[in-house]
Each structure stands twice: as structure tokens, then as C-alpha cells.
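Please read the following points with the sequence and the model open beside you, and check each one as you go.

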Amino acid sequence: MDIRKITIIGGYDKHGIKEPVEQIDVRPGEMFGVVGPTGSGKSSLISDIEQMAQGDTFSRRRVLLDDRVPSYETRTDPRKKMIAQISQNMSFLADMSVGDFLHLHAKCRGVRTSQVREVLRLANTLTGEPIREDYNLTILSGGQSRALMVADVAVISDSPIVLIDEVENAGIRKHEALNALVGNGKIVMVVTHDPVLALMTEKRIVMKNGGMRTLIDTTQGETELLESLKSIDGLLLRLREKVRSGESFDGNGQIRDVLMQTLYPKTRNEETA
Amino acid sequence: MKLIVVAGTPGSGKTAVLVHALKILGESGHRCSVVKVDCLYTDDDKRFGKLNIPVMVGLSKDMCPDHFAIYNLNEMLEWAKKNESDCLILETAGLCHRCAPYSKECLGVCVADATAGPNTPLKLGPFLSTADFVVVTKGDMISQAEREIFREKILEVNPKCAILEANGLSGQGCAAFSEAMLKANDVSDSEDRLRHSAPLAVCTLCVGETRINKEYHRGVLRKIDGFQTYVGE
């Protein structure tokens with residue numbers, strides 16, 4: 001089923017005060033960020049959307065698809081479900097093998113079970129030590145679990161609306177994870193504390209006290225800043241891989257040049273010239 | 001009088017989701033009475049008491065709490081009538097997976113804990129397979145995929161049930177639960193029957209034998225290899 005937009009109609013914050021943001025429309029191809037301090041209600045907002053709340057949650061928000069209240073089946077049947085969600089969970093509780101789990105989930109979503117291999121292949125590009133089909137789910141590390149959840153959502157729960165809650169916090173390759181989840185023409189909402197991910201979105205919802213406080217458009221300046229941030233982030237990720245693989249560093253030398261090049265590309269070029 | 005019977009394993013969140021749902025029903029002017037049946041101890045009456053609705057506790061002691069609930073049902077309904085309630089909610093202890101305390105005319109609600117693992121629905125037995133509504137709790141603690149598998153397994157056991165996801169802490173989903181409760185039928189206390197027979201109680205253990213050695217056991221005994229014998233006169 002194609003959808004043209006999803007609408008979030010504001011409810012009330014933790015103190016029962018009406019949310020300043022009354023309505024948000026998100027259309028296919030748009031990526032929205034959700035930012036705010038811990039406890040400000042970011043995950044609750046995502047969970048309201050996942051459940052397609054109809055005034056029946058704590059916030060009393062309502063979620064509409066194409067200006068209409070979604071049917072009971074759309075809200076509950078995984079085969080018709082419009083929404084895929086990566087929550088903050090870092091571990092599986094189901095006591096079964098990775099393979100059995102993925103086969104069952106493929107069945108629930110009405111997806112061919114041949115896709116199970118693809119989930120594993122993708123998951124293993126996102127995490128360090130490989131995950132095998134015969135592993136028990138519960139022995140997977142936080143990062144492996146998260147990588148498997150991301151790959152499962154990308155391949156099996158392929159849905160027009162994707163909700164991602166702090167994909168950066170499990171030590172998996174966040175850009176690769178995001179690329180796998182964010183297909184063309186999808187509606188994407190990303191909860192994040194990461195400035196790189198936050199500035200990659202078109203708009204960001206600022207949460208406070210359980211309510212949607214403001215909606216900020218990403219500015220031209222921020223898009224320029226994003227390019228520099230990406231370079232710094234890339235550097236940090238490369239250093240992280242070095243630490244992970246047990247390498248040592250000899251002082252500042254290794255990063256100074258890269259950092260200067262990133263932050264002051266022109267100045268640096270002029271100097272060498 | 002509407003009768004709603006709520007079953008579910010201990011700690012699955014029966015009381016938590018009921019407290020939220022009853023609060024919503026109270027706010028919309030419905031008068032409910034609650035009976036909590038347990039074996040040895042409960043303080044759920046205090047939790048329900050905060051809602052300012054009539055609460056009664058039944059402790060079955062060394063009796064099966066489901067049997068206790070069933071043969072006390074008439075008294076409970078009369079008590080609820082005296083309270084001028086239009087709805088009686090019976091929350092059971094939820095210990096044994098062999099019983100289903102639902103009557104044919106009541107609304108049977110099973111509360112299932114999603115963190116208990118995807119094969120749990122296959123183990124819950126008649127209190128899941130004969131329920132009208134299944135309220136799935138703690139879904140926020142597992143991944144979306146695990147939730148979807150859990151739901152599928154419930155439908156394998158009980159294809160006709162309606163499934164609601166609810167959060168006993170935040171109350172999310174409990175409004176839909178309260179709406180479901182209002183759809184309960186009025187029960188006729190003289191003609192109503194159980195949906196599922198109560199467990200067999202046919203051996204000497206049922207009447208208080210405590211010795212373990214097999215020479216002391218009489219009655220209908222089922223062996224672990226599947227054979228069933230009658231020992232006795």
C-alpha cells in the first residue's frame with residue numbers, strides 16, 4: 001500500500017500541558033530527526049507512531065495515514081503493517097536460534113524465507129564478529145543483536161515508514177545501518193543524540209518534558225557544517241577501528257594533519273602552496 | 001450484569017492493565033466491582049481500592065484458586081448487584097496452565113507477558129486458547145520482530161481471539177482494553193457453564209496424601225510413558 005503522508009497530531013506533555021507543536025506531516029522521501037535530552041519523551045513519540053496511537057496513549061497524540069484513522073488491521077496485522085521500528089533494545093529475549101527466529105519473522109511478515117540469508121549477510125556487514133545462523137539469539141552481544149535487528153528490519157520488515165531509535169549507541173557502523181534502513185521514497189524518523197545524524201535530516205522535532213516543543217528546519221549553514229562533521233566523524237570512526245583491532249598510537253601527529261585538513265581545508269592548501 | 005474474567009500467569013500485568021482500564025471506565029461513569037482471587041496473599045485490593053470502587057479478595061488457601069473462583073461466582077455476582085455495579089471483574093490467580101476459568105457467557109480475557117518468550121503461547125493452554133481477548137503486555141521490552149512472532153504464536157493457539165497490546169506501566173493500550181470490556185455480555189447466573197472442563201482431580205494426592213513413594217498412590221494415575229492405570233478397589 002502506498003501512502004502519501006503520515007500526520008502526528010499533538011497531545012499533552014508530562015505536565016498535562018498542550019504540546020506547542022500541534023501537527024506534523026511527514027511525506028515519503030523525507031527524513032525527520034527527533035532530538036532532546038534523555039527522558040524528554042523521544043522514545044514515547046516513536047512508540048506512539050509505531051502503535052498509530054489514537055488518543056489512547058499517555059500523550060494522547062493521534063496518528064493519521066493520508067488524513068484518515070488507520071484501520072484496526074493496519075494497526076495490528078504485521079502483514080499489513082506500514083511501520084518498521086528499531087527500538088533502543090540491545091538484546092533479544094527470545095530463546096531460539098538466529099535462523100529459527102528469522103524464518104518465523106519472515107513467515108509473520110509474509111516474506112520469502114530465502115531472505116533470511118540476506119538478513120545475515122547484511123547484519124554481518126554492520127558488526128564486528130560474525131553472527132551465525134545456528135547461534136542462539138540470547139548469546140549475541142549488544143552490537144550483534146542491534147546489527148541483526150537493523151538487518152531484519154531492512155530486509156524482512158521492509159515498510160514505507162521507518163522509525164529508528166538511537167542507532168548510534170550500539171557500536172555498530174551507524175552510517176551503513178542508516179543506509180540499509182533508509183530506502184528511496186520512505187518516511188524516516190530518527191531519534192538521535194548524534195549531531196551528524198541530526199543534521200542529515202530535513203527537519204528535527206525538539207522534545208522537552210514529554211512534549212513536542214518546536215520543529216526546526218535544517219538550514220543551509222547546517223548542511224555545510226554537516227560536511228565538516230562527517231569528516232571529523234569519519235576520522236573518529238577510523239580511530240575507533242584502530243583501537244578495536246588492538247593498534248597503538250604515537251601522540252597527536254597521526255591526526256593533526258587530518259584534523260587541520262578537515263577544519264580549515266583552504267588555509268591548509270594555501271600554506272602548502 | 002456483565003462479567004469479565006481475567007486470567008494470566010503471575011506477574012504478567014493483569015492487575016496493572018486492569019487498574020488503568022478501570023480508571024478509564026470509572027471516568028466515563030461505569031460502575032464496576034472487582035474480585036481478586038489468589039491463594040495465600042495479595043495486596044492487589046489496595047491497588048484497586050485507590051480507584052474508589054468496591055473490591056473483594058478471595059484467598060483459596062490450599063484449594064485450587066480457579067475451582068474456588070468458579071464455585072464462588074454466584075456469591076460474587078450477588079455482591080456486585082448489591083453494589084449497584086453493572087460490571088463484575090474477576091481477576092484470577094493464574095497459577096495453573098490446565099484451567100480456563102472462563103464461563104461461556106462472560107468475556108474471557110487472557111493477559112500474556114511478551115517477554116516470556118515466543119513459545120509461551122503454546123504452553124499457556126486453555127486460558128489462552130478459549131479467551132475472547134488477549135492483552136499482550138511488556139511489548140516495549142522486546143524488539144518489534146519478537147512482538148510480531150509472539151502475536152503469530154497466539155493466533156496459532158487461538159485464531160479467533162482479538163489481540164491488544166498494552167503497557168501496564170504507562171497505560172498505553174488500556175483504553176482499547178476498557179472498550180473491549182464494555183462489549184461483554186450480561187450473564188445469566190443460573191444457566192452459564194464453563195468453556196473448558198476443570199482439571200482432573202482423581203488421585204490420592206488430590207485429597208491430601210503427602211508421601212511420595214508410588215505404593216501410596218491410588219486412583220487414576222498417568223505414567224510419564226503415557227500409560228494410564230487405575231490403582232485401587
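**Notes on the model**

1. A:I131 is buried, since 21 other C-beta atoms lie within 10 Å (a residue is buried if 20 or more other C-beta atoms lie within 10 Å of its own, exposed if 12 or fewer, and partly exposed in between, with C-beta atoms placed from the backbone). This is a predicted model, in which local features need pLDDT of at least 70 and side-chain atom pairs count only at pLDDT 80 or more, while totals for chains, interfaces and linings use all residues. Residues are numbered from 1 along each chain as its sequence is written, and chains are lettered from A and ligands numbered from 1 in the order in which they are written.

2. The place of A:I131 is in the loop between α4 and α5 of chain A, where helices (H or I, at least four residues) and strands (E, at least two) are DSSP runs, numbered from the N terminus. Leaving aside neighbours within four places in sequence, A:I131 is in contact with A:V98, A:L120, A:A123, A:N124, A:L140, A:Q144 and A:L148 (two residues are in contact if their C-beta atoms, placed from the backbone, lie within 7 Å). A:S141 is ten residues from A:I131 in sequence, and their C-alpha atoms are 9.7 Å apart in space.

3. How do the axes of α4(A) and α5(A) cross? Helix α4 (residues 115-126) and helix α5 (residues 142-155) of chain A have axes that come within 8 Å and cross at roughly 135 degrees; axes are lines fitted to C-alpha atoms, for helices over the stretch in contact, and angles run from 0 to 180 degrees between N-to-C directions. The two helices α4(A) and α5(A) are therefore oblique to each other (angles under 35 degrees count as roughly parallel, over 145 as roughly antiparallel, 65 to 115 as roughly perpendicular and the rest as oblique). On the α4(A) side the residues are A:Q115, A:E118, A:V119, A:L122, A:A123 and A:L126, and they meet A:A147, A:L148, A:V150, A:A151, A:D152, A:A154 and A:V155 in α5(A). The residues of this contact divide into ten nonpolar, one polar and two charged (Ala, Val, Leu, Ile, Met, Phe, Trp, Tyr, Cys and Pro count as nonpolar, Asp, Glu, Lys and Arg as charged, and the others, Gly among them, as polar).

4. α5(A) also packs with helix α6 (residues 174-181) of chain A, at an angle of about 20 degrees and with the axes 8 Å apart, and α5(A) and α6(A) are therefore roughly parallel to each other. The contact is made by A:V150, A:A151, A:V153 and A:A154 of α5(A) and by A:A177, A:A180 and A:L181 of α6(A), and its residues divide into seven nonpolar, no polar and no charged.

5. The axes of helix α3 (residues 98-108) of chain A and α4(A) come within 9 Å and cross at roughly 125 degrees, so α3(A) and α4(A) are oblique to each other.

6. The largest nonpolar core has 124 residues, and those with the most contacts inside it are A:V150, B:I4, B:V109 and B:V135 (such a core is a set of buried Ala, Val, Leu, Ile, Met, Phe, Trp, Tyr and Cys residues joined through C-beta atoms within 7 Å). α5(A) gives the most to this core, with eight residues.

7. The contact between the chains takes 21 residues from chain B and 23 residues from chain A, and the largest share of the chain B side, seven residues, comes from α7(B).
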